[in-house]
Amino acid sequence: MVKRLEAGWWQRLAWVALSWVSLGFLMWVPFLYIGIRRNRASDWFAFGSFVLYEIVSMSWTEILPNQTNRAGLGLIVILTLITATLMLLFGEFDKKTPRQPAYAPAHPAPHPRPYGYPYGR
């Protein structure tokens, strides 16, 4: 059975806002939530890739010599934020399924009196 994880636009925007407001430091949190809820290999791969990004980018900022020009690192951070935003808005969550209208019962209810009985007793 395939697990679905439906989310409205407000929930999606809240996850994106968390990623942007934290400047990308908490970008892995929504993907951990999705991985736990749906438990698909692709979701865990997305979570792992963003955790790996955080580890590498934090290590890279410490290893690089103290330069005033770190435009390449800034470009990578912005591209990663845009990628996570697009994934959260359009890729990870399932669309809500429309509710089925209530239909009449398949068989009509039987009459209280047998058919053809002309007397009301």
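I count helices as DSSP runs of H or I with at least four residues, and strands as runs of E with at least two, both numbered from the N terminus. The model is a predicted one: I take local features at pLDDT of at least 70 and side-chain atom pairs at pLDDT 80 or more, while totals for chains, interfaces and linings use all residues. Residue numbers start from 1 along each chain as its sequence is written, and side-chain values use heavy atoms, with hydrogens and water left out.

**Entry: the fold**

I looked up the elements. The protein has four helices and zero strands. Along the sequence I read α-α-α-α.

**Entry: confidence**

I checked pLDDT, the predictor's confidence in each residue, from 0 to 100. The protein has a mean pLDDT of 81, and 79% of its residues reach 70 or more.

**Entry: surface and contacts**

I took accessible areas from the Shrake-Rupley method with a 1.4 Å probe; for residues, only the protein chains shown count as cover. The protein exposes about 9400 Å², and carbon and sulfur atoms supply 68% of that area. I call a residue buried under 20% relative accessible area, exposed over 50%, and partly exposed in between. Of the 121 residues, 26% are buried. For contacts I use heavy atoms within 4.5 Å. Among contacts between residues at least 6 apart in sequence, 69% join residues at least 24 apart.

**Entry: helix 2 against helix 4**

I fitted axes as lines to C-alpha atoms over the stretch in contact, with angles from 0 to 180 degrees between N-to-C directions. Helix 2 (residues 29-38) packs on helix 4 (residues 71-91) at about 35°, and the axes are 11 Å apart. The crossing is left-handed: the near helix is turned anticlockwise from the far one by less than a right angle. I then listed the residues that meet. Helix 2 brings Pro 30, Phe 31 and Ile 34, and helix 4 brings Ala 84, Met 87 and Leu 88. The contact divides into six nonpolar residues, no polar and no charged. Nonpolar covers Ala, Val, Leu, Ile, Met, Phe, Trp, Tyr, Cys and Pro; charged covers Asp, Glu, Lys and Arg; the others, Gly among them, are polar.

**Entry: positive phi**

I looked at two loop residues. Leu 23 sits in the loop between helix 1 (9-21) and helix 2. Its phi is near 60°, a positive value in a residue other than glycine. Leu 23 has 60% relative accessibility, so I log it as exposed. Asn 39 lies in the loop between helix 2 and helix 3 (41-63). Phi of Asn 39 is near 60°, again positive in a non-glycine residue. Asn 39 is exposed, at 53% relative accessible area.

Conventions. Buried < 20%, exposed > 50% of the residue type's maximum accessible area, 1.4 Å probe, protein only.
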